[in-house]
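Student: I would like a close look at one part of this protein. Please take me through a single sheet, strand by strand.

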Amino acid sequence: MAAPARNRVTQTGDIVAIPLRGAWTGNRGILHRGNDIVRFHAGDLWITCALDFRGRWQEQWRPRHYTFLFFHDEAVSLAAGHRPCGECRRASYNAYRAAWSAGLGVDRPSAKEMNRQLHWERLVPGTHRRRAHTLAWVDLPDGTFVLLEATPAVVVGDHLADWTHEGYGSRRPRPRAGAATVVTPPSTVAALRAGYPVQIDDAAR
């Protein structure tokens, strides 16, 4: 059996080689040379795409073409700092923009405005180091990823589901008070809180 390629994305945005299949693809620009990832990102456009769109087929690791990345579920992709693609996921893109507007109390943003804001929220400026955010547990909607020490976990109702390289695993009660270390960018948390219908793998429910 061939070893998995290094093209899967974790909640913190790292690109890793794990066998876990992806429910979504997406990209951050051209990150590869040959079959190797040589860059973390190529700009502030980070999107999540459908695996199938109008029967199109693209070769993986194609020279001078964006690098295909894969996400276990949409909650993972949003936590990593990606947003829905405006072409292959137009309905989701529009729903995300509307929820962003409602959740933050602003006009509906352009793609460029969302890209710029998400980029600031996901990375410490001038580095590839992930920016974490402190938010109250009570305010976290389903689909938000938090860090419990070094373990990423997704909020689903009254519980948290730990995420591993094999998928979702152990569950634990969701705290009722205090603050959480949140990986999902705050603007996306606001969109989730406003009702964006995030896809979460059934194993977490």
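Tutor: What follows is a walk through the open sheet and its strands. This is a predicted model: local features need pLDDT of at least 70, side-chain atom pairs count only at pLDDT 80 or more, and totals for chains, interfaces and linings use all residues. Residues are numbered from 1 along each chain as its sequence is written, and side-chain values use heavy atoms, with hydrogens and water left out.

The open sheet has 6 strands, in the order β9-β14-β10-β11-β12-β13, with antiparallel pairing. Strands (E, at least two residues) are DSSP runs, numbered from the N terminus. Two strands pair if DSSP finds at least two bridges between them. β9 (133–136) and β13 (167–173) are at the edges; each has a single partner strand, so one side of each lacks a neighbour in the sheet. From one strand to the next, the twist averages 45°, with axes as lines fitted to C-alpha atoms and angles running from 0 to 180 degrees between N-to-C directions.

β9 pairs antiparallel with β14 (residues 179–182) over 4 bridges. There, H133 has V182 of β14 as its bridge partner.

Now β11 (residues 151–156). Of its 6 residues, 5 are buried, so the rest of the structure largely encloses this strand. Buried means under 20% relative accessible area (1.4 Å probe, protein chains only). β10 (residues 145–148) joins β11 through 4 bridges, antiparallel. L148 sits opposite T151. Their hairpin has 2 residues between the strands, and E149 takes a positive phi near 60°.

β11 also joins β12 (residues 159–164) by 4 antiparallel bridges. Here V154 faces A161. This hairpin too has 2 residues between its strands; G157 in the turn has a positive phi of about 65°.

Terms used
Buried < 20%, exposed > 50% of the residue type's maximum accessible area, 1.4 Å probe, protein only.
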